[in-house]
Amino acid sequence: MGRYVVFGAGGRAGRQAVAEARRRGHQVTAVVRDPSRHDGLAGDGVRVAAGDVTDAADVAALAAGHDAAINTAAVVGSDTFFGDAAHALVKGLRQAGVDRLVAVGIATLLPGPDGVRLLDAPGFPAEFRPFCLAHAAGLEVLRAEGGGLDWVYVSPAGDFDHEGERSGRYEIREHGDMALRVSYADFAIVLLDEAETPRHRGGHLAVT
């Protein structure tokens, strides 16, 4: 049995990560901004706590005593959230003595078969570009400042299957392909596998 802290535990990926950790018999600290909005999240082995993933002091206090951190938090419409969260996670996890970070990312930062990032490919919808670049800022912080932290950035190789169920399987891909799908429940298996027994380090892991 391990102890894991999940930031952004109230979202779709976060809830599935908490559920997968419970399924495996782990103790979980599920971090959300407002616990009163997430009554159904608590349960056997799950403690719900208020916290801000962009605040290094919050990260350090909440992560202390855990084996690894999983960050699934996301904010749409902010240019700075993902960068701020990455800064706080790097600093706060070091202070807490937690070495492993599994961070959820976005597929559009992956290269296609031609080596060009999906978001830079011709015809990529301009309206989605700011959100993708905000995600990219967070990944760059991990690459620049994450030395000494055992981190991995995990995303679908394409997108989520929002209605998909748990199959118990996943595949790793080298390139992004927006036609590919993975259910949130199967994606959570990847997150817990990487938190429990790190196999990929310091890069972008794409799964479907």
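Me: Which residues of helix α1 are buried?
Reply: In α1 the buried ones are Ala-13, Gly-14, Ala-17, Val-18, Glu-20 and Ala-21. Buried is under 20% relative accessible area, exposed is over 50%, and partly exposed is in between (1.4 Å probe, protein chains only). This is a predicted model, where local features need pLDDT of at least 70, side-chain atom pairs count only at pLDDT 80 or more, and totals for chains, interfaces and linings use all residues. Residues are numbered from 1 along each chain as its sequence is written, and side-chain values use heavy atoms, with hydrogens and water left out.

Me: How are those buried residues of α1 placed around the axis?
Reply: Ala-13, Gly-14, Ala-17, Val-18, Glu-20 and Ala-21 are the buried set.

Me: Ok, what covers the buried residues of α1?
Reply: The cover includes the strands β1 (3–7), β2 (27–32) and β3 (46–50), and also the helix α5 (184–196). Helices (H or I, at least four residues) and strands (E, at least two) are DSSP runs, numbered from the N terminus.

Me: How far apart are the end C-alpha atoms of α1?
Reply: They are 17 Å apart. Helix α1 runs over residues 12–23, and at 1.5 Å a residue its twelve residues should span 16 Å, which agrees. The expected span is 1.5 Å times one less than the number of residues.

Me: What happens just after α1?
Reply: Gly-25 takes a positive phi there, of about 85°.

Me: Switching to α5. What span should it have?
Reply: Its 13 residues should span 18 Å at 1.5 Å a residue, and the end C-alpha atoms of α5 are 18 Å apart, which agrees.

Me: How many residues of α5 are buried?
Reply: Twelve of the 13, so α5 is largely enclosed by the rest of the structure.

Me: New topic, Ala-88. Where does it lie?
Reply: Ala-88 lies in helix α3.

Me: Is Ala-88 buried or exposed?
Reply: Ala-88 is buried, at a relative accessible area of 4%.

Me: What is Ala-88 in contact with, beyond neighbours within four places in sequence?
Reply: Leaving those neighbours aside, Ala-88 is in contact (heavy atoms within 4.5 Å) with Val-53, Thr-54, Asp-55, Ala-56, Val-59 and Leu-93.

Me: How far is Ala-88 from Ala-19 in space?
Reply: They are 25 Å apart, C-alpha to C-alpha, and 69 residues apart in sequence.

Me: What about Ala-96, which helix is that found in?
Reply: Ala-96 is found in α3, and at 19% relative accessibility it counts as buried.

Me: Which residues is Ala-96 in contact with, again leaving aside neighbours within four places in sequence?
Reply: Ala-96 is in contact with Ala-60, Ala-63 and Ala-64.

Me: Last one: what separates Ala-96 and Glu-163?
Reply: Along the chain, 67 residues, and their C-alpha atoms are separated by 37 Å.
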